[in-house]
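Trainee: Hi! Could we go through this one together? I'd like to learn how to read it.

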Amino acid sequence: MIESVRRRRDFERLAASTHRARSATIRVVYCSREPDEPAVAVAFAVGRRVGSAVARNRIRRRLRAALQELEGTMPEGLYLIKCDIGTRDLTYEELRTHLRESISRASTR
């Protein structure tokens, strides 16, 4: 099950992580899992420049749905998924493809 990143310590680890990757408008920061953490935890960063609150929430829902499809293939750890301006123009298939690519690149560095 994919959980949310909630602890300040986890966000600080993500900020210091060098495991980063980008595919189109989606950027992923990855940090390996510690023993007391959930298997996979995700945080989203969708800024105001991406669109209105409705558009940003729609992007987060689409990302969550894509992550559910990728859940079994994701390495264990913490993920911060950042979205740039063009993300709202991507189709769901494009979004899922770019998300998969950036996750695999970030977790193998």
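Trainee: Which residue takes a positive phi in the hairpin of E2 and E3?

Mentor: That's Ala24, with a positive phi near 55 degrees. The hairpin has two residues between its strands. Keep in mind as we go that this is a predicted model.

Trainee: Okay, and how do E2 and E3 run, parallel or antiparallel?

Mentor: E2 and E3 run antiparallel, and five bridges join them. Ser23 stands opposite Ile26 in E3.

Trainee: Which other strand does E3 pair with in the antiparallel sense?

Mentor: E3 also pairs with E5, over seven bridges. In that pairing, Tyr30 stands opposite Tyr79 of E5.

Trainee: So why is E3 described as largely enclosed?

Mentor: Five of its seven residues are buried, so the rest of the structure largely encloses E3.

Trainee: Nice! Changing topic: which residues of helix H1 are buried?

Mentor: Asp10, Arg13 and Leu14, in a helix that spans residues 8-16. Looking down the axis of H1, the buried residues fall within an arc of 100 degrees, so they line one face.

Trainee: What's on the other side of H1?

Mentor: There you find Arg8, Ala15 and Ala16, which are exposed.

Trainee: And what covers the buried residues of H1?

Mentor: The cover includes strands E2, E3 and E5.

Trainee: How many salt bridges does the whole structure have?

Mentor: A search finds ten. Here's the general idea: side chains of opposite charge can pair when their charged atoms come close. One example is Arg8 with Glu12, at 3.3 Å from N to O. Both belong to H1 and are four residues apart, about one turn of the helix.

Trainee: Why does that spacing work in a helix?

Mentor: An α-helix has 3.6 residues a turn, so residues three or four places apart point the same way.

Trainee: What about Glu34, which side chains does Glu34 meet in salt bridges?

Mentor: Arg9 is one of its partners, at 2.5 Å from N to O. That pair links distant parts of the chain, 25 residues apart: Glu34 is in the loop between E3 and E4, while Arg9 is in H1. Arg13 meets Glu34 too, at 3.6 Å from N to O. Arg13 lies in H1 and Glu34 in that loop, so this pair ties together parts 21 residues apart in sequence.

Trainee: Which residues do the shared partners join into one network?

Mentor: Arg7, Arg9, Asp10, Arg13 and Glu34. Within that group, Arg13 is buried at 16% relative accessible area, whereas Arg9 is partly exposed at 36%. Glu34 counts as partly exposed as well, at 28%.

Trainee: Last one: where is the confidence lowest, and where is it highest?

Mentor: Strand E1 is lowest, with a mean pLDDT of 91, and E5 is highest, at 96. For the protein chain the mean is 93, and 100% of residues reach 70 or more.

Key
Residues numbered from 1 in each chain as written. Predicted model: local features only at pLDDT ≥ 70, side-chain atom pairs only at ≥ 80, totals over all residues. Heavy atoms only, no water. Buried < 20%, exposed > 50% of the residue type's maximum accessible area, 1.4 Å probe, protein only. Arc of directions from axis to C-beta. Contact = heavy atoms within 4.5 Å. Salt bridge = Lys/Arg side-chain N within 4 Å of Asp/Glu carboxyl O. pLDDT = per-residue confidence, 0-100. Pairing = 2+ DSSP bridges.
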